[in-house]
Amino acid sequence: MDERFFLPGPTEVRQEVLDAMRHPMIAHRSAAMELLMRTVHARLQPLFGTARPVYVVGGSATNGMEMAVRCGSVQRVLALVCGAFGERFAEVAELTGREVTRVIAEPGEVVSPEQVRLALEHGSYDTVTVVHSETSTGALSDVAGIAAVVREASNAMLLVDAVTSVGAMPVEMDAWGADLVFTGSQKAMALAPGLAFVAASERLLNRARTLGDRGYVLDLVRYDEFWHKAQSPTTPSLPLLFALDRQLADIEIEGLDARFARHAQMARACWDWVEIEDGAELGLQVLAAEGQRSPTVTCVVCDRPLDVVRALNDEGYVIGTGHGALQRTTLRVGHMGDHSVAGLEALLELMGRVMRGLR
Ligand SMILES: *Cc1c(COP(=O)(O)O)cnc(C)c1O
């Protein structure tokens, strides 16, 4: 792979996976389709750490977010907000007619399980939303700890945005006791954008059946019925499914442990570059605190980030600008999916040269 595309989503897609999308169309109500669906269904479950169905939903990851809120929450939502995607989760809940209370963390920080306990003691909520890996800041929430508190202190359902963690690090939906976990195709799964993957607990599905405004296209209950037939409620994106089939087979060959270790190594290489190597000399910082960092995206505090991004573009490389209010003070390096440590190190080396040139 010619590694030049280090955006924190979409990430680089290997040629073999792109080629898989050129497969001719097949009938979506055919035995061939059911075989394909059964294969991908079984291979998705380990990525979520669940024995529950993982639904393949059309649209981007935000469709998973809206499905989560529509089918998983009733009225009172506690939204844990550590950045732009946590805020989006809260906004989706508001626009779906829920009453939302936010617990907001400073940029680069996360909401702790203790803060969640306090919030649950002071209010009554049927649902808690959290983003595992906050792609806008590179901060990683303690979802296991939060899930334990939610279970202990309330009857609320926990909805988890795991968009930049599924496929890069252990996501343990069943062991955590999370009620819904979703991701999208174009992040750590290293596919083209356009699919969301959603897993839901039995009790969340039971709640969904009691809710009247689930709509049609994002109805979890309908997806569950069709999952059992190894079908999709509506015509699925066949090219993306062929690519998914190829990619899940390759992920199985690499092995999940090896894949997670590779992500940990890439993240470590990036943080060391910022804090010990070139970045230390250039006065850079990692925004998120040690111990609360995502393995897939690093948000780097630096001078003139937009100039750095532009200069890298001129060299044929793509990295992310800072998100929203962080645009003039940070840049973001995505190190996820099928990227390698060597490919990332080549980028960092170039970034050092570019930054020194701008001084
Ligand atoms: C990218 C991202 C999303 C939204 O994904 P879309 O595919 O653009 O809808 C949501 N949450 C997180 C954490 C993300 O990184």
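Predicted model: local features only at pLDDT ≥ 70, side-chain atom pairs only at ≥ 80, totals over all residues.

Colleague: Why are H3 and H4 called oblique to each other?

Modeller: The axes of H3 (residues 61-72) and H4 (residues 84-95) come within 9 Å and cross at roughly 45 degrees. Angles under 35 degrees count as roughly parallel and 65 to 115 as roughly perpendicular, and H3 and H4 are therefore oblique.

Colleague: Which residues of H3 and H4 meet there, and what is the make-up of that contact by class?

Modeller: From H3, Thr62, Met65, Glu66, Ala68 and Val69 meet Phe85, Arg88, Phe89, Val92 and Ala93 of H4. By class, that contact has seven nonpolar residues, one polar and two charged.

Colleague: What makes Ser201 buried rather than exposed?

Modeller: Its relative accessible area is 11%, and buried means under 20%, so Ser201 counts as buried. Ser201 is found in the loop between strand S10 and helix H8 (202-210), and, leaving aside neighbours within four places in sequence, Ser201 is in contact with Arg52, Met173, Ala178 and Asp179.

Colleague: How do you know that the span of helix H10 agrees with its number of residues?

Modeller: At 1.5 Å a residue, the 17 residues of H10 (238-254) should span 24 Å, and the end C-alpha atoms are 24 Å apart, so the two values agree. The buried residues of H10, among them Leu238, Phe242 and Asp250, pack against helix H1, helix H2, strand S2, strand S10 and helix H11. After H10 comes Gly255, with a positive phi near 95 degrees.

Technical notes:
Residues numbered from 1 in each chain as written. Heavy atoms only, no water. Axes fitted to C-alpha atoms, helices over the stretch in contact; angles between N-to-C directions. Helix = DSSP H or I, 4+ residues; strand = E, 2+ residues; numbered from the N terminus. Parallel < 35°, antiparallel > 145°, perpendicular 65-115°, else oblique. Contact = heavy atoms within 4.5 Å. Nonpolar A, V, L, I, M, F, W, Y, C, P; charged D, E, K, R; others polar. Expected span 1.5 Å × (residues − 1). Buried < 20%, exposed > 50% of the residue type's maximum accessible area, 1.4 Å probe, protein only.
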